[in-house]
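Good morning, everyone. Please keep the sequence and the model in view while I talk, and let us begin with a term that we shall need.

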Amino acid sequence: MTEKKILAVFGATGQQGGSVINQLVSEPAASLPNTSQFQLRALTSRSLPVSSAPIPLEEWHRLTGSCSSDSDNNNNNTMIQVIPQVDFHTPSSLLPALQNVHTAFIMTTPSFAPASDGNNPSKEVLAVQNIVSAALAQKVDTLLFSTLPSITELSSGKYTRVTPFDDKARAEAHIRSLHPRIKSAFLSLGFFMSNWLTQPFLAPRYEADTNGWVMRLHVRAGTGIPLIDAKRDTGKVVAAILERQGGVAGGETVLAAEGVYTLDEIAEAFSRHTGEKVRYEQVTEEVFREEGLRGFPESLKDVLVEGYKALEEFGHAGAETEALVEEGKRLVRECGLGELVSLEEFLEKEGYALGEGSKSKQWGS
């Protein structure tokens, strides 16, 4: 029997990494000839009571408080090696984490710091550089990086403060520069559906004056936003990339989203799910900044104000955004991994109810 290759998953207890693990232990992924060649190594910054020996999938779920959305499909015989307390900024932590690894799925958390440059890279870019250095030292074959498009480049320099996007694009460029020493592929996720549940400035608000629910941003109602249920669907796209490339990535970028929704369509989806009228209303940039983002640091206000304006004017990934979304969905479908979760399906799965408040103050990871 051929020995399996190790797939290391960074951020294994977050939405993206957790989705990758849940998908790769599911029956659909186990039936794919290329994807099934991998055994999993979960890398997390959390402190967990584990040794280096692999643990059963059930134990992993118990330790992390996680479970697959399709738990009935999980292969309960699966063993997962867990490496806790992995520090992106400590080489002595990264080197053993990547020992004997063939492929690494890399997810890094945005710093939301003011704009940086090549001479003063952000904390996130430095983290990726550290991971890549360790991967080269350990002769990792392939990196699969969760990236985003550069808003500065997409807008031809008009919007330069959307640092979470630009930093990931800089990190992607660094990874690409190392070809052919290390292979790479890239996953570019749309906006998380969960942000509408966790971020108060996006969630519907009740207005006593109108006896109704309203969502407000400073961009047109027709602005299109690619949405993904990151917790359930990141893993489907990762599995499809691994399967199509036979585990050997070729520098491709897959845009992962279930669809491109206008803000009006998002409000309509909330209306259908809740049975209450939810509407979208455009406000001025000043009102959004001072009322919608009240209490936010000024640098984060800049990120959000410019980020949504760039989305309105240029699209998430330019003029080809909708075509790229359909291409990503087709890849998943052709691998037999089914359809991605729609916004209304997401709201149903989450049991969303109007007025329940944000479930978390933390940005989706």
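This is a predicted model: local features need pLDDT of at least 70, side-chain atom pairs count only at pLDDT 80 or more; totals for chains, interfaces and linings use all residues.

Buried means under 20% relative accessible area, exposed means over 50%, and partly exposed is what lies in between, with a 1.4 Å probe and protein chains only. By that scale Arg279, at 28% relative accessibility, is partly exposed, and Glu281, at 25%, is partly exposed too.

Residues are numbered from 1 along each chain as its sequence is written, and side-chain values use heavy atoms, with hydrogens and water left out.

Arg279 and Glu281 meet through their side chains in a salt bridge, at 2.8 Å from N to O; the term stands for a side-chain nitrogen of Lys or Arg within 4 Å of a carboxyl oxygen of Asp or Glu. The structure holds 24 salt bridges.

Another of these joins Arg272 to Glu344, with the closest N and O atoms 2.7 Å apart. Because Arg272 belongs to helix α10 (residues 263–274) and Glu344 to helix α14 (residues 343–350), this pair ties together parts that are 72 residues apart in sequence; helices here are DSSP runs of H or I with at least four residues, numbered from the N terminus. Arg272 is exposed, at 51%, whereas Glu344 is partly exposed, at 31%.

Finally, Lys329 and Glu326 form a salt bridge at 3.6 Å, N to O, and here Lys329 is buried, at 13%, while Glu326 is partly exposed, at 40%.

Terms used: Helices (H or I, at least four residues) and strands (E, at least two) are DSSP runs, numbered from the N terminus.
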